[in-house]
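Trainee: I would like to go through this structure one question at a time. Please put it up first.

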Amino acid sequence: MDLLQLDGQNDISTRPLVLIIDDSQLNQRILQALLADLADTLCAGDGESGLQLARSKRPDLILLDVEMPGMDGYAVCRALKDSELTAESSVIFVTSHNDTEHELAALSAGAVDFVSKPFNQAVVRARVQTHLTLQRQTQFLRGLASRDGLTGTYNRRYFDQQWQTEYRRHYRQGESLGLALIDIDYFKLVNDTQGHAAGDDVLRLVARCLIQSLRRPAEFIARYGGEEFAAVLPCCTAEEVLATGDWLRQQVQSLQLPHQSPTGLGVVSISVGVFAAKPSDALPAGAYLQAADHALYEAKQQGRNRVIAGASLTG
Ligand SMILES: Nc1nc2c(ncn2[C@@H]2O[C@H](COP(=O)(O)OP(=O)(O)OP(=O)(O)O)[C@@H](O)[C@H]2O)c(=O)[nH]1
């Protein structure tokens, strides 16, 4: 299995989804029929319900009418582009206005294209097809840019961004957020005794095992440094983070990868430092990293192949 797809991210094999926001049911039906073989479609009859559907279904492309009761198409487009959840959906305006002024207004609101009504069906299909292809290519490149080339886990840059996002989300929702820092024990000895290529293989196998061992969809693994990984564990209590850390430790040990480490264990093992708490002003995002890192250091000091829970150094 491709590591890029192990956790369900960047899966470009599914059919694209197009959301049609138009107050005319006739237009909705015509567009749905027109796109039936290109994409799955969803319809909304006004801006507000269109926004709600866009947030929950994350369509690849949105065909957006301008004149609608309540929010007009430009306001809907700006709201889509302002939200992290919907900004990546491409928007094509489908409107009875066909002058330059409206075309410019559509593009400056964040749309990628503009089609005038009455529309030529072949042209609408061709434009939708073009933007779906571009959208898929962008998703694929974005996926590659956030991955570590050797192990297929998320990379440090993605971790740094996503950690801040998760921290803010948990702060708003008053939920406990968990973090595990994971380091392969005596990894230098793998390189020294078995060679650098074998070291790379161990990194790949441990990474794959960590990814496959996570059990909840929003959890993810990132390569944090050379032989160090981070597990981000949303909505996770102090008790749960300790249990997850130990589960990961057991899973790596059960791979039974041969290793002549001074522990005498004979197989590759990991040490894990964990920390979980509700975010607060006294506990900024960086404090979790400090606490988990300190705990990881303790796990190494106490003999490795173990999990230690950190205490907040600031709170
Ligand atoms: N093969 C390989 N080795 C790497 C990679 N990145 C870092 N390393 C090696 O990982 C080793 C890490 O060694 P140390 O930090 O000394 O720690 P350790 O041997 O794992 O020992 P402890 O962490 O104290 O248990 C170094 O020798 C690095 O060269 C990589 O991508 N591939």
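Trainee: Which residue has a polar backbone atom 2.8 Å from an oxygen atom of the ligand?

Mentor: Keep in mind that this is a predicted model. Among the residues that come nearest to the ligand are Y186, F187, D200 and R223. The polar backbone atom in question, 2.8 Å from a ligand oxygen, belongs to K188.

Trainee: What percentage of the ligand's exposed area does the protein bury?

Mentor: The reference is the ligand taken alone, which exposes 670 Å². Of that area, the share buried by the protein is 66%.

Trainee: Which element gives the largest share of the shell around the ligand?

Mentor: Strand 6 (177-184), helix 7 (187-194) and helix 8 (196-213) each supply at least two residues of the shell. Four residues make up the largest share, and they come from helix 8.

Trainee: How many residues of the shell around the ligand are charged?

Mentor: There are 17 residues around the ligand. Five are nonpolar and four are polar. The number of charged residues is eight.

Trainee: Turning to the rings, how many degrees lie between the planes of F159 and W163?

Mentor: The model has ten aromatic pairs. F159 and W163 form one that is stacked, with 6.0 Å centre to centre. Both residues lie in helix 6 (residues 156-173), four residues apart, or about one turn of the helix. Stacked planes must be under 30 degrees apart, and here the angle is 10 degrees.

Trainee: Are F159 and W163 buried or exposed?

Mentor: The cut-off for this label is a relative accessible area under 20%. F159 and W163 are both buried.

Trainee: How many residues apart are Y167 and Y288?

Mentor: Y167 and Y288 form an edge-to-face pair, 6.0 Å centre to centre and with 85 degrees between the planes. The pair links distant parts of the chain, with Y167 in helix 6 and Y288 in helix 10 (residues 285-301). Both Y167 and Y288 are buried. Their separation is 121 residues.

Trainee: Which residue lies over the face of Y224?

Mentor: Y224 belongs to one aromatic cluster that also includes F159, W163, Y167, Y171, F275 and Y288. The residue over the face of Y224 is 3.9 Å from the ring centre, and it is R156.

Trainee: Over which ring does the charged end of R215 sit?

Mentor: For a charge to count as over a ring, it must be within 6 Å of the ring centre. The charged end of R215 is 4.4 Å from the centre, and the ring is that of W247.

Trainee: Why does T153 count as buried?

Mentor: T153 lies in the loop between helix 5 (121-145) and helix 6. Its side chain has a polar contact of 2.9 Å with that of T151. Buried means under 20% relative accessible area. T153 counts as buried because its value is 0%.

Trainee: Why does G149 count as exposed?

Mentor: G149 is also found in the loop between helix 5 and helix 6. G149 and R223 are 74 residues apart in sequence and 10 Å apart in space, C-alpha to C-alpha. Exposed means over 50% relative accessible area. G149 counts as exposed because its value is 80%.

Key
Residues numbered from 1 in each chain as written. Predicted model: local features only at pLDDT ≥ 70, side-chain atom pairs only at ≥ 80, totals over all residues. Heavy atoms only, no water. Near = heavy atom within 4 Å. Polar contact = N/O pair within 3.5 Å; in protein donor to acceptor, adjacent residues only side chain to side chain. Areas by Shrake-Rupley, 256 points an atom, 1.4 Å probe, with all protein chains shown as cover. Nonpolar A, V, L, I, M, F, W, Y, C, P; charged D, E, K, R; others polar. Phe/Tyr/Trp six-rings, centres within 6.5 Å; stacked < 30°, edge-to-face > 60°. Buried < 20%, exposed > 50% of the residue type's maximum accessible area, 1.4 Å probe, protein only. Lys NZ or Arg CZ within 6 Å of the ring centre and 35° of its normal.
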